[in-house]
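Subject: The structure I promised you

Hi,

Here is the structure I said I would send over. Have it open while you read, and click on the residues as they come up.

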Number of protein chains: 2
Amino acid sequence: MTTVIDDIGLLVTNDPAIGRGALGLVENASIVIDDGVVVSVGPAGQLADDRVDAAGRCVLPGFVDSHSHLVFAGDRAEEFTARMAGTPYDGGGIRVTTEATRAASTERLMELTARRVGEARRYGTTTLEIKSGYGLNVIDEVRSLEVANRFTSETTFLGAHLVPSEYVGRTDDYVDLVCGEMLEAAAPLAKWIDVFCERGAFDADQSARVLDAGKAAGLGLRLHGNQLSEGPGVRLAVEKGCASVDHCTYLSDEDIEALASSNTVATFLPATDFSTRQPYPNARRVIDAGAQVAIASNCNPGSSYTTSVPFCIALSVRDMGMTIEEAVQAVTLGGARALRREDLGRLAPGSAGHAVILDAPSYHHLAYRPGVDVVDRVIGG
Amino acid sequence: MTTVIDDIGLLVTNDPAIGRGALGLVENASIVIDDGVVVSVGPAGQLADDRVDAAGRCVLPGFVDSHSHLVFAGDRAEEFTARMAGTPYDGGGIRVTTEATRAASTERLMELTARRVGEARRYGTTTLEIKSGYGLNVIDEVRSLEVANRFTSETTFLGAHLVPSEYVGRTDDYVDLVCGEMLEAAAPLAKWIDVFCERGAFDADQSARVLDAGKAAGLGLRLHGNQLSEGPGVRLAVEKGCASVDHCTYLSDEDIEALASSNTVATFLPATDFSTRQPYPNARRVIDAGAQVAIASNCNPGSSYTTSVPFCIALSVRDMGMTIEEAVQAVTLGGARALRREDLGRLAPGSAGHAVILDAPSYHHLAYRPGVDVVDRVIGG
């Protein structure tokens, strides 16, 4: 099966060997995709089973959203409303969603997740990482991962999202469960393990235990850190060799130095800072230090109920000091790096043929037209 | 023709005589619309030519976007990009759009405007004010208003948007043209007259001349003011009895007092503050003083290229100190007041049957799900 995307006015390849600048821009291009893999980028003319006319508009690699929590039931509109009226966010609402998720049938979770995955795709996301973390017991974490596996291969076991109600005051006992029976059941269903290293959730020692156990079980490592305050999260993530440390809202100079000299991606979640009314991180400082960055949606019902990567781009450009080019790279190549996927984030020979056709002449419109869906069509993924 | 919207889980009527609170909330309602006018609100059961199933979700009055500049050609993505890199906004780019608009055929302007009106409707807007202001000569202002009239009855003559290139240094001569030949040609095509009262555009005396001439020609009055700095705009608008003064980003205590004791609506344009990286106005202060407020998109290619009223709601709640209820009122009743339209902004007997069906159980989702299109269907308008 050969797909040709033709009459591309402006193509973002993310490969400087193919086109101009860091984005590897090519004008008047076409792409040939064979069995899901890009085989050539260049002028048009190839025969195709499926010819897609980009009508002179902009095409870029499909967005890689490397941080989402899509398997949940219920919503938390009341908590959001209270927060907008002044109640600060502390993550405690995770227990509300856990209760609703445990109570939902697997069929219902499947249906809800499918709907959210579809919504994300509509906004250009072709690869989604999906975490568990609203089960918080063996049976419901397994159930969540089973659902997640139906939609992505980038599944993450997040038993260490928060201590569930029945373990409050016994965090170490809960960590025993996460690292023992729960991990054993979850590991075959997950690619990654993740932990929320934050005051009120898990401290550095507990987080380290979770990561070590996950690594021993063959999982890749990720960490939620530095969301609500400076803390040990970023440095622990770097020390343990996590693929990504996510949130990074509060970073010390030492954190930035650690990131810059590591292979760990700093993943910003600006829609969370928007919806929790936190300050935005200064991405400029992190990029200028030489660290690798990504932007992801963190779609979840508490702190960031959006699937829209374009919305995250607009916030990053307006409020985090990133250029539009940097933001576009952060949601494509950046997300791919945060998932250690060499095949994603580019439209170059050998890359996955995951493409977004904008209803706009250039990628600038992703920030220039905030709140407007400028994605016309999504190919592959 | 009778339309019944049935199985409404939560209905916003904006009529406290019908339902709970300022939003006049009614649970488990239906609405009967006869020939475009709401004839009853209450429990279901009525026969209908057209039955719309709201499936237990939230329904609210169609959004009244009382400030837009949809008749234009070209875009200003480059100016936006430069601004995000640090170049401050000064309104000068209006001349770039004027050049592109003058060069475009009327057919092309019609096609571009139709597309933008359709986009706005998709996000829930059922009434749109549309301004001229990228013609800035007699023939092209008339042409712009002719196009606007094809899409709305809320048309505004904005010859005094900026002094065009050919009049730079001769602002008073241009005001003579606006108040003379241009107004004469435009008045039959417009309901409103508007002027940009700001340093670099028109001063208080020039703005007063424009408003007085418009009033004498039978037009209602509106004013762009206090966008880039404190200035005389708000007080002039109140003094002249404008229906609305728009932007209101910088307000002195005297401005707020003047608004509170007037019939002039303070219309906030938060997507503009977003896209020009200005500070957001403190709407709380204005509402608490007792002034009437609206929120509008200001959709235009320079300072706010969005048609999404839900995006404006999300910003107002996050960054302008408004509650979600206040923001919902500001885009419905507030917009209607800013256009002095008694028939709009409510879903109560006698109101226009313009309704938005959300793909959500409550109006909170308009702020709680930023960047996501939660509008499922739009009725009427």
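This is a predicted model: local features need pLDDT of at least 70, side-chain atom pairs count only at pLDDT 80 or more; totals for chains, interfaces and linings use all residues.

**Where chain A meets chain B**

The contact draws on 39 residues from chain A and 39 residues from chain B. Together the two chains bury about 3,400 Å², and 54% of that is on carbon and sulfur atoms.

One to look at is the salt bridge between the side chains of A:D359 and B:R115, at 2.8 Å from N to O. As background, side chains of opposite charge can pair when their charged atoms come close. There are also 28 residue pairs in polar contact between chain A and chain B, counting pairs with both residues at pLDDT 80 or more.

Several helices of chain A give at least two residues each to the side that touches chain B: α1 (77–84), α3 (106–122), α9 (270–275), α11 (309–319) and α14 (365–368). The largest share, six residues, comes from α11(A). Sorted by class, that side of chain A has 18 nonpolar, nine polar and twelve charged residues.

Now go to helix α2 of chain B, residues 94–103. Its buried residues are B:I94, B:T97, B:T98 and B:T101. Looking down the axis of α2(B), these buried residues fall within an arc of 105 degrees, so they line one face of the helix. What do they pack against? Their neighbours are α3 (106–122) and α4 (138–149) of chain B. On the face of α2(B) turned away from the buried side you will find the exposed residues B:E99 and B:A103.

Over all chains, the structure holds 54 salt bridges. Here are a few I liked.

In chain A, the side chains of A:R143 and A:D140 form a salt bridge at 3.0 Å, N to O. Both sit in helix α4 (residues 138–149) of chain A, three residues apart, which is about one turn of the helix. Are these residues buried or exposed? A:R143 is buried, with a relative accessible area of 13%, and A:D140 is buried too, at 7%.

Chain B has a pair with those numbers as well: the side chains of B:D140 and B:R143 meet in a salt bridge at 3.0 Å, N to O. They are three residues apart in helix α4 of chain B, so about one helical turn separates them. B:D140 counts as buried at 9% relative accessibility, and B:R143 is buried at 14%.Salt bridges that share partners also join A:R57, A:D359, A:D376 and B:R115 into one network.

The last pair is B:D194 and B:K131, whose closest N and O atoms are 2.8 Å apart in a salt bridge. B:D194 lies in strand β10 (residues 192–197) of chain B and B:K131 in strand β8 (residues 130–131) of chain B, so the pair ties together parts that are 63 residues apart in sequence. B:D194 is buried, with a relative accessible area of 1%, and B:K131 is buried at 0%.

Cheers

Key. Residues are numbered from 1 along each chain as its sequence is written. Chains are lettered from A and ligands numbered from 1 in the order in which they are written. Side-chain values use heavy atoms; hydrogens and water are left out. Contact means heavy atoms within 4.5 Å. Buried area is the accessible area (1.4 Å probe) that two parts lose on being put together, summed over both. A salt bridge is a side-chain nitrogen of Lys or Arg within 4 Å of a carboxyl oxygen of Asp or Glu. A polar contact is a pair of N or O atoms within 3.5 Å; within protein, one must be able to donate a hydrogen and the other to accept it, and residues adjacent in sequence count only if both atoms are side-chain atoms. Helices (H or I, at least four residues) and strands (E, at least two) are DSSP runs, numbered from the N terminus. Ala, Val, Leu, Ile, Met, Phe, Trp, Tyr, Cys and Pro count as nonpolar, Asp, Glu, Lys and Arg as charged, and the others, Gly among them, as polar. Buried means under 20% relative accessible area, exposed over 50%, partly exposed in between (1.4 Å probe, protein chains only). The arc is that of the directions from the helix axis to the C-beta atoms.
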